[in-house]
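The exercises below are meant to be worked with the sequence and the coordinates open side by side. Each task is followed by a solution that goes step by step.

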Amino acid sequence: MVIFYFSGTGNSKHIAELFAQKMNCACHSIEEDTDFEALIKSAETIAFCYPIYFSRVPRIMREFVSVNTELLKGKKLIIFCTQLILSGDGARAFAALFPKNYMQVIYAEHFFMPNNVTNFSILPDSLISDKRIKKIALKAGEKMQKVCGDIKRGKVHKRGFNVGSRALGLFQAWLVKPSEKKANNSVKITQNCTNCELCVLICPMKNLVLENEKITHRHNCTVCYRCVNKCPQKAITVAFHGKVKKQYKGL
Ligand SMILES: Cc1cc2nc3c(=O)[nH]c(=O)nc-3n(C[C@H](O)[C@H](O)[C@H](O)COP(=O)(O)O)c2cc1C
Ligand code: SF4
Ligand code: SF4
């Protein structure tokens, strides 16, 4: 068994590592420079973990799947999706990247995690208070304990696969379409930027570059919010351009 994850700001990494620890399996970020073909070929069961972006699988994860589709055929599949409040059919959305019965879904679950869209005014800073983060981490640990117990006993569970979740997911996907596209074209840098290039270094899409003494972008953002939460000057925003007050530093 192996788990692959994408994590913009640490939540999905936390869940993937919890799983790997409890199941004693390998754990790899899809950003790693490693031999994914060999890893996939050697595992019977493959788990994936990613953050939900309005009921959609992040583009970077969709692209990873697209490159490795052939290799994944016939494998047993475990899906974990992390969310702030609600993802509708967030886990099912991953299974939907494959033709029907291409893989055997043996477990799918959603995990409530802290907010990382820290510059969206309707989401208050209290969502990432230390107290709340601690509480969420504790609950996630308890939930993972149960999930791993289920998987070891062979219990099949598919969160987000029912008709109601699907309807909610369709609605959310319809809402986000312009946002994903908008983010590709909508990265803003304020005058507070010091050209430190931290964002260039950490962007998983190599979307940011320093050109003519200015940070600019290549229309290739996966809306992971990593740069927004890490910039020492709070000088960069993507998709939404509200003021960044408190940044999310992960669990
Ligand atoms: C662009 C974007 C869209 C999001 N959409 C949703 C959503 O529809 N529902 C939800 O509950 N959380 C949503 N979130 C919150 C993240 O899914 C959640 O914080 C996740 O755990 C972040 O994982 P990460 O730290 O591994 O990147 C969204 C976050 C981003 C950046
Ligand atoms: S991390 Fe912030 S300050 Fe540094 S180059 Fe990027 S936008 Fe500018
Ligand atoms: S530009 Fe920022 S939000 Fe977009 S992919 Fe890069 S780090 Fe993530």
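**Exercise 1. Determine which residues come nearest to ligand 3, and how the shell around ligand 3 divides by class.**

Solution. The model is predicted, so local features need pLDDT of at least 70 and side-chain atom pairs count only at pLDDT 80 or more, whereas totals for chains, interfaces and linings use all residues. Residues are numbered from 1 along each chain as its sequence is written, while chains are lettered from A and ligands numbered from 1 in the order in which they are written.

Step 1. A residue counts as near a molecule or strand if its C-beta atom, placed from the backbone, lies within 6 Å of it. Around ligand 3 there are 15 residues, of which Cys203, Cys221, Cys224, Arg226 and Cys227 come nearest.

Step 2. For the classes, Ala, Val, Leu, Ile, Met, Phe, Trp, Tyr, Cys and Pro count as nonpolar, Asp, Glu, Lys and Arg as charged, and the others, Gly among them, as polar. The shell of ligand 3 then divides into 11 nonpolar, 3 polar and 1 charged residues.

**Exercise 2. Carry out the analysis for ligand 2 and ligand 1, and name the elements that give two or more residues to the shell around ligand 1.**

Solution. Step 1. Ligand 2 is surrounded by 14 residues, the closest being Cys193, Cys196, Leu198, Cys199 and Cys231, and its shell holds 10 nonpolar, 3 polar and 1 charged residues.

Step 1. Of the 25 residues around ligand 1, those that come nearest are Gly8, Asn11, Ser12, Pro51 and Thr82. Two or more residues of this shell are given by each of α1 (11–23) and β4, where helices (H or I, at least four residues) and strands (E, at least two) are DSSP runs numbered from the N terminus.

Step 2. By class, the shell around ligand 1 has 12 nonpolar and 13 polar residues, and no charged residues.

**Exercise 3. Decide whether serine 55, valine 223 and lysine 143 are buried or partly exposed.**

Solution. Step 1. A residue is buried if 20 or more other C-beta atoms, placed from the backbone, lie within 10 Å of its own, exposed if 12 or fewer, and partly exposed in between.

Step 1. Serine 55, in the loop between β3 and α3, has 26 other C-beta atoms within 10 Å and is therefore buried. Its phi is near 65 degrees, a positive value in a residue other than glycine.

Step 2. Valine 223 lies in the loop between β9 (214–217) and α8 (226–230), and it counts as buried because it has 26 C-beta neighbours inside 10 Å. Phi of valine 223 is near 60 degrees, which is likewise positive in a residue other than glycine.

Step 3. Lysine 143, in helix α5 (residues 130–153), has 16 C-beta neighbours inside 10 Å and so counts as partly exposed.

Step 4. Strand β3 is mostly covered, with 6 of its 7 residues buried, and in the protein chain buried residues make up 38% of the 251 residues.
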